[in-house]
There are 2 protein chains.
Amino acid sequence: MVSPIDPTATAFLLAENRSMPMHVGGLQLFEKPEGAGRNYGREMYESMRDVEEIAPLFLKRPHRSLSTAGQLVWVEDEQFDVDHHIRHSALPQPGRIRELLDLSSRLHSTRLAWERPLWEAHIIEGLRDGRVALYTKVHHALVDGISAMRLVQSTLSPDSDQREMPPPWDARTRRDRAPRPTSDETSLAEIPTQVMRSALGIATEAAGLPGALVKTITKGVKNETSSISLYAPRTIFNQKITGSRRFAAQDWEIERLQRIGKATGTTINDVVLAMCGGALRRYLLELDALPEAPLVAMVPIGLKAKESHLPSTEGGNAIGAVMCRLGTDLHDPADRLSAVHASMADGKEALSGMTPTQIMAMSALGQAPAIIAPMLRMSGIVRPPYNTIISNVPGPRTTQYWNGAKLVGHYPLSIPINGMALNITCISYDGRLGFGVIGCRRTVPRLQRLLTHLDDEVAALEKASGA
Amino acid sequence: MVSPIDPTATAFLLAENRSMPMHVGGLQLFEKPEGAGRNYGREMYESMRDVEEIAPLFLKRPHRSLSTAGQLVWVEDEQFDVDHHIRHSALPQPGRIRELLDLSSRLHSTRLAWERPLWEAHIIEGLRDGRVALYTKVHHALVDGISAMRLVQSTLSPDSDQREMPPPWDARTRRDRAPRPTSDETSLAEIPTQVMRSALGIATEAAGLPGALVKTITKGVKNETSSISLYAPRTIFNQKITGSRRFAAQDWEIERLQRIGKATGTTINDVVLAMCGGALRRYLLELDALPEAPLVAMVPIGLKAKESHLPSTEGGNAIGAVMCRLGTDLHDPADRLSAVHASMADGKEALSGMTPTQIMAMSALGQAPAIIAPMLRMSGIVRPPYNTIISNVPGPRTTQYWNGAKLVGHYPLSIPINGMALNITCISYDGRLGFGVIGCRRTVPRLQRLLTHLDDEVAALEKASGA
């Protein structure tokens, strides 16, 4: 039952250490189905735990021994202990979202043990409004963040009457049932996992950093292409981190952001980035830590096959990364939105002029900073190429259910790494955009204030744009 | 604010790894004071959190840097974040002791981060009978298990009306207020921490294993003294462990054990060891893993200064360790109790004939197996010198309160290490003896069954002795 671990997964396993656990998380909020009693949390837990057959992905664990010549391989966990992986938890009084975020922060801080398959799921009861939460955690060596979200979404249904629905780790779960959101632009969620993984594979080949990435980055240093700006200022986010996490989450109506976009001729993604830029400005000002130069965010974007000049693979799409200046140096919210819009347009333009290999190198930079960053240092590039990562991933557009329980919120928990202590990831769902803000608890103090600042920014952008 | 770390504490820090966290824990159960409302859990949490000044022990963290020439030192945590250390948790429905033990197991499995002071306290609500639990966790580099218990006990009072009582980490807590249990024999709890620490210090001096320990052990191998038996059989407990823990706890009336002792002419400690021997026999038989030779437990005991031939230090006492054969090869419970009694008498006799240095070496073996075990291997001693550790520590004899909340149970969580996957520690309190059984979740499967077996053994011993 030994199977090889691909180079990218190996790299994620080896990059991991106490202060940098390499798992992605998801927090989902469910409303109980009609007629459910006060034991619904336990019932949900038991139906998620008592599956007949666990899918192979959730049974394998990394293993290294003399018999594998010191190589990391996947082996099946022959003592699989479902109680270790699926847990029933509860919130203390008064059971607010605050207590839920506290518990999620804590759960996200602990590292997955290699002796066992690299995942956990926690069914959490005790919210005062009776909702039930599900926190899931999967090692990046198994799935990347987007695939993890898609995996969870693939078990949902728009039909509130559907029952006998398996959880994500059930062998019955069919991966192809994933809801594919339709969108005008090619979206990140549509990129097949394999494309991302192979893009990463290239960047992490045994020999180390491929020439393409170094060349691309070097070009960025010379500012020949604005899609890579290595002129990111130093900030408190770009330091060594500890293993402790703080997670904050909230959602906003997509319609509000759309109105701002329409009034200003910008995209929703531009509005999201401007919200983040404004919130980061307010946050850093409070700490008296705002640099003069604008912060730069790495923004992963989906590319159509044609734009990417890539030979058509599955679905013919690829991922690129744009370095976006967030306008944190500008006082006026409208100015910030314009700056973000210009920076994104500029970046996409530059991407379209890049060679396929350069794009792949950019993908690697976007998807695997934990692996790439040390390589950059080896190549003598020492300044942070960007200050934070902001991703925006489309999710299902309609209301979804799991065995009659209505999904009412979905928030991602990403991976802070050394030199990149703060991550913002958004998922759209059912007319709302859920923000998941994750950071090192020590390096990013009072991170939860970013939620207030984001909220203030929406209002400020509405006012400025007359939306 | 840099202070040196003594060699023993350093050794505990360096011995630690992912599968062997080096912290001791305690689980205490409290009944709410009369008139307390449903928010009592939160009130208790807030009063434990909101202290004016944290005691220095709880503010220091280990640090190693170029400026300390790579040496580990204590530094004060200048960003001390009380919310990281004191947590409010809750149990899911139905809030039985089982859910509490599950949560405690999980909390005890995660390692303390070196970036912060090495302790945590969790106030746990949600027990269906309304009781509130307190789980505390302190690194062995700060205090040993017995001192940790004593520290917690030192904040309690026999007066149910007393209020304004500080928690253990409050700078106002006076260490000398610890209740000193009186006992006919010198008890472990009476040995000053410093004596234990210096005994350990000797064993872990920079040069490595001192000759005394090797000589003592070698003598044991030759069976010249029965207080060290290196003829412990191999068992499932004596393997490499993982980082995941299972904790089980229960208490029994001391009077029942006393009656058995009186009827058979044995001590309570003998009865406890016979209970453990019988329970381990039942447990291993179920797994078809009982070795032919009897299991050997390392049993720490207190020695009077005179017996120990030691120059009188603080209180004039010392710790020794007796290797006790648990009679797991014997079918009859009465035979097991006799075998245990004989083995203990034999071991104490042997201890009294040892030189002070040999006794100190034994103390080290008893108190710091994680540090000593690798040294033994270096000296070519490869078989486990014993199979498990069983400690019995006297606690307060009368009912104790913390700000009016009645302490109704107190259970210790010890440290499993590689080669020693199971630990049993008992504390007496208010007429009952609380057993804390801790093991590696993977190496010691279905550990909680030991509770049932312990209970069956009490009944079997009662029947056999006519008590």
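The contact between the two chains takes 38 residues from chain A and 38 residues from chain B. The model described here is predicted. About 3,100 Å² of area is buried between chain A and chain B, and carbon and sulfur atoms give 34% of this area. Arg18(A), Arg106(A) and Arg442(A) supply 26% of the area that chain A buries against chain B, more than any other three residues.

**Relation of the two chains**

Two copies of a chain are related by a rotation about an axis and a shift along it. Here, chain A is superposed on chain B by a rotation of 180° with 0.0 Å of shift along the axis, and the RMSD is 0.0 Å. The two copies are thus related as by a two-fold rotation axis. Ala90(A) is the residue of chain A that comes closest to this axis, its C-alpha lying at 2.6 Å. Because 100% of the interface residues of chain A are also interface residues in chain B, the copies meet through the same surface.

| α8(B) and α9(B) | within 8 Å | roughly 100° | 7 nonpolar, 2 polar, no charged |

The axes of α8(B) and α9(B), the latter covering residues 268-286, cross at roughly 100°. The two helices are therefore roughly perpendicular to each other. On the side of α8(B), the contact is made by Ile254(B), Leu257(B), Gln258(B), Ile260(B) and Gly261(B), and on the side of α9(B) by Ile268(B), Val271(B), Val272(B) and Met275(B).

**Backbone features**

Most residues other than glycine have a negative phi, and most peptide bonds are trans. Which peptide bond of chain A is cis, with omega near 0°? It is the bond from Gln93(A) to Pro94(A). Pro94(A) is found in the loop between β5 (86-90) and α4 (97-109) of chain A. In chain B, a cis peptide bond joins Gln93(B) and Pro94(B), with omega about -5°. Pro94(B) is located in the loop between β5 and α4 of chain B.

Asp288(B), a residue other than glycine, has a positive phi near 55°. This residue lies in the loop between α9 and β9 (296-304) of chain B.

Methods: Residues numbered from 1 in each chain as written. Chains lettered and ligands numbered in written order. Predicted model: local features only at pLDDT ≥ 70, side-chain atom pairs only at ≥ 80, totals over all residues. Heavy atoms only, no water. Least-squares fit on C-alpha atoms with pLDDT ≥ 70 in both. Contact = heavy atoms within 4.5 Å. Axes fitted to C-alpha atoms, helices over the stretch in contact; angles between N-to-C directions. Helix = DSSP H or I, 4+ residues; strand = E, 2+ residues; numbered from the N terminus. Parallel < 35°, antiparallel > 145°, perpendicular 65-115°, else oblique. Nonpolar A, V, L, I, M, F, W, Y, C, P; charged D, E, K, R; others polar. Buried area = accessible area lost by both parts, 1.4 Å probe.
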